[in-house]
Amino acid sequence: MRRLRGGTVIGQICCFLSLAFKSLTSVAAMRRLLSRFLNRVLLRGLLTPAMGFEAQSQAPGHRRMVVGLGNPGMEATRHSVGMAVLGALATRLGVADAWRGDKHVSGEVIVSEVDHTHVVLLRPRLLMNINGVSVAKAANKYGIKPEDILLVHDELDKPLGKVAVKHGGSARGHNGVRSCVDCLQTDVMKRLRVGIGRPTGKTSVDRHVLGRFSSEEKKLLDSVLIQSVDLLLSLLSEQRSQPAPQSPSSPAGGRHAAQKTKERARSASPAADSAAAQS
């Protein structure tokens with residue numbers, strides 16, 4: 001048995017190296033390849049057919065999960081604004097002091113209720129590019145289906161002050177969402193996209209997303225957090241009262257949902273509306 005396991009690991013490494021050499025011309029492709037490899041290695045043994053959702057979804061009570069994507073230890077940066085939103089949601093629910101570390105899901109968790117529905121709040125303690133590992137582990141542990149997961153993350157293509165809901169579909173270049181899609185093996189998860197805007201001048205994208213909000217941005221951020229929490233609570237209540245038709249847990253199912261539903265965007269302040277109109 002040990003020889004068999006060793007051979008399997010060696011085979012995975014050889015396969016990874018083979019693909020890596022073919023992708024040397026693209027740094028971005030290499031990063032994606034490495035992230036996907038790490039996702040699979042860290043989830044080894046958990047990536048089974050249907051991820052066990054069918055078996056565990058029969059637990060009493062309907063459960064949903066809200067995930068704040070980001071980088072641990074960098075909660076104040078633009079790239080981790082999803083964590084800030086989740087923290088604001090926990091405060092609104094009166095459970096801000098209830099965070100507890102869970103090594104089995106590689107993250108911090110709060111289990112609360114919204115309109116008599118069990119809601120799991122998750123802050124992954126893994127780097128953004130492999131956040132999906134934590135999400136998949138938590139979904140498996142709590143018996144939550146992918147369509148009942150709501151990802152909160154930063155969005156470069158929207159200015160600060162704008163938030164929007166996306167109903168499934170592609171990751172659109174966001175590494176954290178891509179990791180979730182890879183680990184959950186579907187793209188049906190809803191997303192709350194929180195605008196952070198693109199960098200200006202000669203500032204690189206990496207430096208921009210990993211940088212902290214300026215003092216002026218922080219004034220607008222307060223309104224964004226309020227707006228985002230309002231949207232999250234509305235979505236959680238709406239899902240309970242008007243459940244969406246079941247779609248297959250597959251990438252095709254997510255794209256179908258995205259085609260059928262238009263994105264809803266709201267501005268967190270009048271100033272944000274005017275900024276968006278000028279862009």
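User: Hi! Which residues form a nonpolar patch on the surface?
Analyst: In this predicted model, Leu 34, Leu 38 and Leu 42 form one, and together they have about 230 Å² of accessible area.

User: Nice. Where is Leu 34 found?
Analyst: Leu 34 sits in helix H2, which covers residues 27-42.

User: Why does Leu 34 count as partly exposed?
Analyst: Its relative accessibility is 41%, and the partly exposed class runs between the 20% limit for buried and the 50% limit for exposed.

User: OK, on to pockets. What volume does the largest pocket have?
Analyst: The largest pocket has a volume of about 1,000 Å³. Its lining consists of 35 residues.

User: And which of them lie nearest its centre?
Analyst: Those are Asn 129, Gly 173, His 174, Asn 175 and Arg 178.

User: Which element gives the largest share of that lining?
Analyst: Helix H2 does, with 9 residues. At least two residues each come from H2, strand E5 (149-155), H6 and helix H7 (205-209).

User: How does the lining of the largest pocket split by class?
Analyst: There are 14 nonpolar, 10 polar and 11 charged residues in it.

User: You mentioned H6. Is that helix largely enclosed or exposed?
Analyst: Helix H6 (residues 175-184) is largely enclosed by the rest of the structure, because 7 of its 10 residues are buried.

User: Which ones are buried?
Analyst: In H6 they are Gly 176, Val 177, Ser 179, Cys 180, Asp 182, Cys 183 and Leu 184. Just past the helix, Gln 185 adopts a positive phi of about 60°.

User: How many cavities of 30 Å³ or more does the structure hold?
Analyst: There is 1, and the volume of this largest cavity is about 30 Å³. Val 177 from that buried set in H6 also belongs to the cavity lining, along with His 153, Glu 155, Lys 166, Ser 170, Ala 171, Arg 172, Arg 191 and Arg 193. Strands E5 and E7 (190-195) are the elements that give two or more residues to the lining.

User: What classes do those lining residues fall into?
Analyst: The lining of the largest cavity divides into 2 nonpolar, 2 polar and 5 charged residues.

User: Last one: where is Gly 73, and is it buried or exposed?
Analyst: Gly 73 lies in the loop between strand E1 (63-68) and helix H4 (81-92). It counts as exposed because its relative accessibility is 61%. The C-alpha atoms of Gly 73 and Leu 127 are 9.6 Å apart, though the two residues are 54 residues apart along the chain.

Definitions and conventions. Residues numbered from 1 in each chain as written. Predicted model: local features only at pLDDT ≥ 70, side-chain atom pairs only at ≥ 80, totals over all residues. Heavy atoms only, no water. Buried < 20%, exposed > 50% of the residue type's maximum accessible area, 1.4 Å probe, protein only. Helix = DSSP H or I, 4+ residues; strand = E, 2+ residues; numbered from the N terminus. 1 Å grid on protein atoms, 1.4 Å probe; cavity = no way out; pocket = protein on both sides within 12 Å on 5 of 7 lines; lining within 4 Å. Points joined across faces, edges and corners; volume = space filled by probe spheres on them. Nonpolar A, V, L, I, M, F, W, Y, C, P; charged D, E, K, R; others polar. Patch = residues over 30% accessible without salt bridge, like charges linked within 9 Å, V, L, I, M, F, W, Y side chains within 5 Å. Areas by Shrake-Rupley, 256 points an atom, 1.4 Å probe, with all protein chains shown as cover. Salt bridge = Lys/Arg side-chain N within 4 Å of Asp/Glu carboxyl O.
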